[in-house]
Each structure stands twice: as C-alpha cells, then as structure tokens.
Amino acid sequence: MSLKVYRLQDLFLTGGLTKEQHPYLVIGRHFRFEPAFFARLKELMDGFTVPALCSPKKLDELLAALLVKAAPRPILLGCTIRIPGIKGPTGGVLGCPGNPAASACGIWENPADGWKLLSFPGGPGLAYSGILKTPFYPEISSSGLQGKKLLLDLAAQAYSGGAEEFIALTDGTGSGMEGSVVIQCGRDYVIRTLEEILQDFPAT
C-alpha cells in the first residue's frame, strides 16, 4: 500500500505499518521530493525488525541506522515506532543522518543550515529554524502534557517565539507512550499519532 505524504514546503510527514504490523511515523526536511526517496524509505520501514531481546537503547540505535540508509541527504529526519514487548520510553529518534548518532542529552545542537535541535532523554525531540524573538527551552516535565497535546503546545511556543519551521516527535514504544509527530511551517501544521496510523492501515 502506498504511503500518504504530507508536505509543508520542504517539510514532510508520512507513516505506515512494518511487515510485522508495527505502526510508524517519519518526519523530516528534504530539498527534493523524489519518488525514489519515499520508495526507499517505505522499503526500509516495511522491513524493519528488531531482535527477540531488544533494549530501549538498541531500538533507537537500529532506528537511527535505518534513517541513515534511507536518506543521507536530508538535513533532518526522525521516526517514532511502536514495538510491543520493549520497555520504554524508546522508539523515537530525530537528527541529521549525515552527523554521528548521539543519545538525547537535553542540550541544543546545531545540526545544519540554521536549524536548532533539542532531544530530551525519554523524549520529545524537536527542531526549528528561524531567529527566535525570545529564548525557547520547554519545561517538559512540568507541563504535564504528553503525546499529541505536548507537541501542539511545543509547536505553539515555537511559532509564538518566531520559528519559521518546526518539527517534533515523541517516543512510541513503552507503557503509556502515544507516539506522535508534528511538522509546522508558519501557521500551517500537520500532526499525526501512531493510533491514527493503525486506523489508516488496518492490520491484515
């Protein structure tokens, strides 16, 4: 089944099910939307599998390695996935495929081309472009928000601060992990959850 791809200028969002029926969502920034890129991404995600005994750290490492194979050219690429039986929070990665992979540390990074990237241990991961009018460092633990509501709140904060483009995701694996992604360009945004992917692609 072909993937539906949402686009906001250079940002994209897509998702589906692996061959083992695990829902996933992928977001990123790409200068060229060649059909070959999305065909390769779908091929890799559809075939994504994990070992019978897989740690949370290992799952994120496998996801990061897959994204490097999918597209070394995009500036930013991220994925959230739900894999039953693995303790979380895990199953969410965001970064620049051309840079060395690193664990989330809660410190702003500069991956490429004017973008700022921030990933928290246990999520979420977020990135924006543009010159902010006010400093932006979200207090994740004190907000009490999770999943889709958290990403909507972060997107509103980024837009209010002057961000031109914004992407973010939450972990999808582990107890209580919703697994959500958002892309935003100006006032326009698209947000999706893994639960919505399961509704779009009923298990066969």
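Predicted model: local features only at pLDDT ≥ 70, side-chain atom pairs only at ≥ 80, totals over all residues.
Is Cys 96 buried or exposed, and what is its relative accessibility? Cys 96 counts as buried, because its relative accessibility is 15% and the cut-off for buried is under 20%.

**Entry: cysteines**

I looked up Cys 79 next. Cys 79 also counts as buried, at 0% relative accessibility. Then I searched the whole structure for disulfides and found 0.

**Entry: helix α2**

I turned to helix α2, which runs over residues 56-70 and has 15 residues. From its first C-alpha to its last it reaches 21 Å, close to the 21 Å expected at 1.5 Å a residue. Which residues of α2 are buried? My list reads Leu 59, Leu 63, Leu 66, Leu 67 and Ala 70. They sit on the same side of α2, because they cover an arc of only 100° around the axis. A reminder for myself: an α-helix has 3.6 residues a turn, so residues three or four places apart point the same way.

What do the buried residues of α2 pack against? I found α1 (35-46), β4 (76-81) and β5 (92-95). On the face turned away from the buried side, I noted the exposed residues Lys 57 and Lys 69.

I moved on to β3. This strand is largely enclosed by the rest of the structure, because 7 of its 7 residues are buried. In a regular strand the side chains alternate between the two faces of the sheet. I checked both faces of β3 and found each covered. One side holds Pro 23, Leu 25, Ile 27 and Arg 29, and the other holds Tyr 24, Val 26 and Gly 28.

How many bridges join β2 to β3? I noted 7, with the two strands running antiparallel. Thr 14 has Val 26 in β3 as its bridge partner. β2 and β3 make a hairpin with 5 residues between them, and Gln 21 in the turn has a positive phi of about 70°.

β3 also pairs with β4, in the antiparallel sense and over 6 bridges. Here the bridge partner of Tyr 24 is Ile 81 in β4.

**Entry: Thr 18**

I stopped at Thr 18, in the loop between β2 (11-17) and β3 (23-29). Thr 18 counts as buried, at 1% relative accessibility. What is Thr 18 in contact with, leaving aside its neighbours within four places in sequence? I wrote down Tyr 24, Met 45, Asp 46, Phe 48 and Ile 81. Tyr 24 and Ile 81 were already in my notes as bridge partners.

**Entry: aromatic rings**

I looked for aromatic pairs and found 3 in the structure. One of them joins Phe 12 and Phe 37, whose ring centres are 5.5 Å apart and whose planes stand at 75°, so the pair is edge-to-face. Phe 12 lies in strand β2 and Phe 37 in helix α1, so this pair ties together parts that are 25 residues apart in sequence. Phe 12 is buried, with a relative accessible area of 0%. Phe 37 is buried too, at 6%.

Phe 37 and Phe 38 form another edge-to-face pair, with 4.7 Å from centre to centre and 70° between the planes. Both of these residues are buried. Ring pairs link Phe 12, Phe 37 and Phe 38 into a cluster.

Strand β6 (residues 115-119) pairs with β7 in the antiparallel sense over 5 bridges. Lys 116 stands opposite Tyr 128 in β7. In the hairpin of β6 and β7, with 5 residues between the strands, Gly 122 takes a positive phi near 85°.

β7 is also joined to strand β8 (residues 165-169) by 5 bridges, again antiparallel. Leu 126 has Ala 168 in β8 as its bridge partner.

**Entry: Tyr 189**

My last stop was Tyr 189, in strand β10 (residues 188-193). Tyr 189 counts as partly exposed, at 45% relative accessibility. Not counting residues up to four places away in sequence, Tyr 189 touches Leu 8, Leu 152, Val 182, Ile 183 and Gln 184. I also noted that Tyr 189 and Ala 155 are 34 residues apart in sequence and 8.6 Å apart in space, C-alpha to C-alpha.

Note on methods:
Residues numbered from 1 in each chain as written. Heavy atoms only, no water. Helix = DSSP H or I, 4+ residues; strand = E, 2+ residues; numbered from the N terminus. Expected span 1.5 Å × (residues − 1). Buried < 20%, exposed > 50% of the residue type's maximum accessible area, 1.4 Å probe, protein only. Arc of directions from axis to C-beta. Contact = heavy atoms within 4.5 Å. Pairing = 2+ DSSP bridges. Disulfide = S-S within 2.5 Å. Phe/Tyr/Trp six-rings, centres within 6.5 Å; stacked < 30°, edge-to-face > 60°.
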